[in-house]
Amino acid sequence: MDTIAYLGPPGTFSEEAALAYAAGRDARLLPLASIPAVVTAIETEAATAGVLPIENLLEGSVSYTLDLLIHETNLQIAGEIVVPIRQYLLARPGLQLSDIKVLYAHPQSLAQCRRFVERCLPGVATVASLSNSAAPAEALADERPAAAIGTLRAAELVGASILAREIADSPHNVTRFIVLAREDSPPTGDDKTSFCFGFTREDRPGSLVGALQELAAENINMTKLESRPTRAILGQYIFLVDINGHHRDPHVARALERIRQHTGMLKIFGSYPRWQGANGNHHPSRQGEER
Ligand SMILES: O=C(O)C(=O)C[C@]1(C(=O)O)C=C[C@@H](O)C=C1
């Protein structure tokens with residue numbers, strides 16, 4: 001049986017991603033206290049795989065996860081899952097919106113609900129929580145009139161009441177998660193490959209375009225390009241790329257090898273089936289919606 005680790009406690013969006021990945025597999029879920037704990041659990045074989053948030057529709061990349069992939073682990077991306085993100089304002093039963101003096105929220109969720117918080121909770125003190133299910137539990141344990149941004153399932157689990165619904169800045173809010181494992185996935189015919197590269201030689205005009213040209217030369221579609229600091233020299237960057245295709249496809253393998261030659265440093269994060277939606281239709285899973 002597979003063990004799928006995720007950022008707990010139960011009630012997080014990460015749990016929804018883990019459930020979507022576990023569907024149809026012989027698997028059990030393992031809630032852990034932090035994202036680094038998920039990585040360590042897979043590395044030490046306490047878990048077979050784990051889910052990590054990598055990109056949100058409103059807030060963009062989860063830089064924490066990108067930096068883990070670049071600098072801290074050789075685990076591979078074996079899958080991706082897109083989860084609808086529906087945030088709720090939760091509090092101890094009996095409290096009203098106008099009573100609230102403290103707001104517990106995961107920093108990502110606070111950023112995704114900025115407009116609601118500025119308009120409806122001006123001047124309220126915010127406290128950072130480790131997850132969307134830890135936040136409601138912490139708000140309920142606070143003696144002050146506290147609320148939390150959290151999931152509907154977390155509200156049910158801790159017995160919180162709902163002060164406001166769907167408070168994110170966009171009703172279409174979604175987060176993409178990656179599945180990390182010790183090995184990536186075999187080719188399916190509809191795959192993506194994620195990798196990063198950096199320039200180890202002198203800075204020359206056209207270096208970046210030269211590397212990317214190798215993808216165009218093999219007719220490979222790039223679906224994402226971004227950069228992160230190298231953490232060594234200010235002004236030097238690591239470029240992260242997603243492409244369509246599997247690194248075992250001959251044309252992808254050729255392009256990656258030439259990029260390695262151009263740049264001096266290439267790290268392949270893995271190839272994995274492109275997210276097809278919960279029903280195989282390229283739309284995000286609807287299972288995060290109110291039940
Ligand atoms: O706290 C949770 O529910 C999580 O699963 C973490 C997390 C994240 O870190 O991005 C996941 C999805 C949402 O974008 C907000 C928070």
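1. Strands S12 (residues 191-199) and S14 (residues 237-244) are paired antiparallel over seven bridges; pairing requires at least two DSSP bridges between strands. Helices (H or I, at least four residues) and strands (E, at least two) are DSSP runs, numbered from the N terminus. Phe197 has Phe239 of S14 as its bridge partner.

2. A word on the source: this is a predicted model, where local features need pLDDT of at least 70, side-chain atom pairs count only at pLDDT 80 or more, and totals for chains, interfaces and linings use all residues. Residue numbers start from 1 along each chain as its sequence is written.

3. The open sheet has four strands in the order S13-S14-S12-S15, with antiparallel pairing. S13 (222-229) and S15 (264-273) are at the edges with a single partner strand each, so one side of each has no neighbour in the sheet. From one strand to the next, the twist averages 15 degrees.

4. Helix H3 (residues 63-72) packs on this sheet and touches S12, S13, S14 and S15, its direction making about 85 degrees with that of S13. Angles run from 0 to 180 degrees between N-to-C directions, and axes are lines fitted to C-alpha atoms, for helices over the stretch in contact. Contact here means C-beta atoms, placed from the backbone, within 7 Å.

5. H9 lies across S12 and S15, at about 155 degrees to S15. Helices H8 (residues 207-217) and H9 (residues 250-263) pack at about 170 degrees, their axes 9 Å apart. H8 is therefore roughly antiparallel to H9 (the term covers angles over 145 degrees).

Methods
Parallel < 35°, antiparallel > 145°, perpendicular 65-115°, else oblique. Contact = placed C-beta atoms within 7 Å.
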